[in-house]
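This report looks at how the chains of one model are arranged. Please have the sequence and the coordinates at hand.

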Protein chains: 2
Amino acid sequence: MALGKDYVAQDCALARALELLGERWTLLIVRDAFYGVRRYGDFLAHLDVPRAVLAARLQALVDAGVLDRRPYQESPRRHEYVLTDRGRDLWPALNALGHWGGEHASPVGPARLYTHLPCGTRVDRTGTCPACGRFAPPEELEVRPGPGADRPHRDDPVSRALLRPHRLLEPLLTE
Amino acid sequence: MALGKDYVAQDCALARALELLGERWTLLIVRDAFYGVRRYGDFLAHLDVPRAVLAARLQALVDAGVLDRRPYQESPRRHEYVLTDRGRDLWPALNALGHWGGEHASPVGPARLYTHLPCGTRVDRTGTCPACGRFAPPEELEVRPGPGADRPHRDDPVSRALLRPHRLLEPLLTE
DNA sequence: TCACCTCGGTTCAATCAACGAACTTAGGAC
DNA sequence: GTCCTAAGTTCGTTGATTGAACCGAGGTGA
């Protein structure tokens, strides 16, 4: 979606957001980053995305300032991808899209529930906690499998780790 | 993005939403529908989307229950595409994505502002009106060009019509 | 009656991106 | 020396997007 064949003539904030986020796989990668996935191999295991596409998308997200690529060990040097503030600001959009998908595109309801930890209440489609009435930032949310959850489908370390309730943005332990 | 090569293994609400909405052009078409665009020719003029792609996307959105295709005149019979309730429920997602794009991906700020008509206040990224504290449904919003607006760029009937403040979902008059 | 116009598409060849399997590179472990 | 892991890159095949041309139903004007 490079120059010339992009949404460039659409001088609109949504179009510019989609220039990056509208590429296939990109938003699922960002969602996984909210779930605490940080490593190339874990994204790969959870997403079934072609390796080349994953590498390109991670690079694009780093270039756009959504993810930060930083070393998590030396010798051998390895890197992880962590959401920046700009990336965390995508939470309302991700929550709204996921909420719509759970209501209108899922046979059995949402696969995951988001609970505002201080209140123990599910957030609504705007990302607001009905109990305290405030917008619930992702750090204060816990993901947990919902009624339409993974059951038979996936079996990879990331999917297994997500069967346990998990605070958003905390690194996911994939034993 | 048909069977077999879709996000099907991602048993997740977001993945299912993206199965439809993640296709190129789809969310821009939905955005235009919120702006009041209803006709094939107007989408075409505003979006620079290939005709075949537009036809395919409109069909997919109708199949998914996001748009309703209904006649607006007989002899010759012509149809228009109007957002259903399911389509209107996409507003929080569209608003959140557009808000992110305006803050993080636009050089000069948002190209369009959304004002809650009863309060005269701009809605925030969650779609909530800061003045009345409630979620502002799209019917109560007015679009208006903002600081980063179209200026030189596009010159088509739809872009011209959007230079005037306009209530969301009201049919756009493209004289 | 004929030519031409509009609207809402469809068709098709060329191009571009995604896919997936194989390969690579750098270091550690046995 | 051999094997293993993590994080990629390479590359031929498949599939989607593009844009220009075409189509058909109906109206309009001379």
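The model is predicted.

## Contact between chains A and B

In chain B, 44 residues are in contact with 44 residues of chain A. Helix 1 (13-21), helix 2 (26-35) and helix 6 (91-104) of chain B are the elements that each give two or more residues to this side. Helix 6 of chain B supplies the largest share, 10 residues.

By residue class, the side of chain B that touches chain A divides into 22 nonpolar, 11 polar and 11 charged residues.

## Surface near DNA strand C

There are 20 residues around DNA strand C, of which A:Pro50, A:Pro76, B:Gly41, B:Arg51 and B:Ala55 come nearest. Two or more residues each come from helix 4 (51-63) of chain A, and from helix 3 (40-47), helix 4 (51-63) and strand 2 (78-83) of chain B.

The residues of this surface comprise 10 nonpolar, 3 polar and 7 charged.

## Helix 2 of chain A

Helix 2 of chain A (residues 26-34) is mostly covered, with 9 of its 9 residues buried. Among them are A:Arg31 and A:Asp32, along with A:Leu27, A:Leu28 and A:Phe34. After helix 2 of chain A comes A:Gly36, which has a positive phi, near 100 degrees.

Methods: Residues numbered from 1 in each chain as written. Chains lettered and ligands numbered in written order. Predicted model: local features only at pLDDT ≥ 70, side-chain atom pairs only at ≥ 80, totals over all residues. Buried ≥ 20, exposed ≤ 12 C-beta atoms within 10 Å, placed from the backbone. Helix = DSSP H or I, 4+ residues; strand = E, 2+ residues; numbered from the N terminus. Near = placed C-beta within 6 Å. Nonpolar A, V, L, I, M, F, W, Y, C, P; charged D, E, K, R; others polar. Contact = placed C-beta atoms within 7 Å.
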